[in-house]
Amino acid sequence: MALPKYPISKIPSEGAPALPQTWNGTYGELDQNLNNLDGRLVARENEINTARGGHPSLGGRISAMAADIQGLDPDMMNAIVAGVLEASASAGLANREGEKTRTRRIQSGVMTIINRGIVSGCTVSRSSTATRNINLAAGVAFGNGRLIPMPEEQNGASVPGNPGGSPQVCYLYLGASGGGHEMYCTELGEEIPDGGIPLYRVTVPAGNTEITDRYLASVSLTDIRRVESGAPCVYASAPFIYVPLGTSMLSTDYSVHLDILGFEGGGHQLGYVYADDKQHNGFKLCLNGSADSVRVRWTAMRMDL
């Protein structure tokens, strides 16, 4: 390792006395050599520190590099791949189980049980005095949690004509009007609106109009009333709604938790709501009471699937 000043200049031993100007130069050369050595030592220390790569010693860095090189060994690589596959399988199983819980073990929704119909009367007949009109016989209906007396209606609703080339269907129903109810007929192809009490399904043949059939002789009237003569105290059949499950349960032995969100009628009319006829792909929500429009949040659960 070369030094900037070699050899060091000698201090004169003969002649003039040893004045400062004769030996300061020699010591200056010594300082230059020492500074040079110090700079080289610092550079080597910095290089070694950098080579450690964050390890406490250069030996630790070398050991880590050796371990990395060993990791390229086929046995080591096989072990790593096996570990990755096992972790992937575990993650896949966890994901499948989570999806099964979200879509199958726990399923939830909101349904509304409708409880309305006819206690007595409310039959219909074709009018013989007004074009394409329907008469309503007096009777009693039930809905909205109460009994609804219905007076007789002459020419209460008009059936629309069907100039088209295929039969069409419309419906006669009782609907709210002011402070009471009266009979209405839907347009062709329309369903009974919310709150309506079904009476009859009307099938209008192709080409059946005011000109071809003034008094509805060719029009079919099919009774679709729900008649409960004992309402609101006794029902021949409990009102229910079918709840289809989005994903079939693996077993029918699942529990159904119910939460009543609202209903029409007094609190004493609600009775209770229960799940019945459980199948893999759905069940019935049944009402044991006289309330109407009972809105229910249901949750079907089977955690040990």
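Tutor: Let us begin with two side chains, Asp-292 and Arg-116, both of which are buried in this predicted model. Asp-292 and Arg-116 form a salt bridge, in which the closest N and O atoms lie 3.0 Å apart. This pair joins distant parts of the chain, for Asp-292 belongs to strand E16, whereas Arg-116 lies in the loop between E1 and strand E2 (117-121), and 176 residues separate the two. In general, side chains of opposite charge can pair when their charged atoms come close.

The strand that holds Asp-292 is the part to examine. Strand E16 covers residues 292-301, and seven of its ten residues are buried, so the strand is largely enclosed by the rest of the structure.

Which strands pair with E16? One partner is strand E1 (residues 106-113), which runs antiparallel to E16 and is joined to it over eight bridges. Within this pairing, Thr-112 has Arg-295 of E16 as its bridge partner. Strand E13 (residues 255-264) also pairs with E16 in the antiparallel sense, over eight bridges.

Trp-298 falls within the residue range of E16, 292-301, and ring pairs link Trp-298 with Tyr-254 and Phe-283 into a cluster. Tyr-254 has a charged neighbour as well: the charged end of Lys-278 sits over the Tyr-254 ring, 5.5 Å from its centre.

The structure contains five aromatic pairs. One of them joins Tyr-173 and Tyr-184, whose ring centres are 5.6 Å apart and whose planes meet at 25°, so this pair is stacked. Because Tyr-173 lies in strand E8 (residues 168-177) and Tyr-184 in strand E9 (residues 180-185), the pair ties together parts that are eleven residues apart in sequence. Tyr-173 counts as buried, at 11% relative accessibility, while Tyr-184 counts as partly exposed, at 27%. The rings of Tyr-272 and Tyr-274 also have their centres 5.6 Å apart, but their planes stand at 45°, so that pair is tilted. Tyr-272, with a relative accessibility of 48%, is partly exposed, and Tyr-274, at 28%, is partly exposed as well. A pair of aromatic rings is thus described by both the distance of the centres and the angle of the planes.

Asp-223 is partly exposed, with a relative accessible area of 38%.

To return to the part we set out to examine: E16 is largely enclosed by the rest of the structure, E1 and E13 both pair with E16 in the antiparallel sense, and Asp-292 in E16 is linked to the distant Arg-116.

Conventions
Residues numbered from 1 in each chain as written. Predicted model: local features only at pLDDT ≥ 70, side-chain atom pairs only at ≥ 80, totals over all residues. Heavy atoms only, no water. Buried < 20%, exposed > 50% of the residue type's maximum accessible area, 1.4 Å probe, protein only. Helix = DSSP H or I, 4+ residues; strand = E, 2+ residues; numbered from the N terminus. Pairing = 2+ DSSP bridges. Phe/Tyr/Trp six-rings, centres within 6.5 Å; stacked < 30°, edge-to-face > 60°. Lys NZ or Arg CZ within 6 Å of the ring centre and 35° of its normal. Salt bridge = Lys/Arg side-chain N within 4 Å of Asp/Glu carboxyl O.
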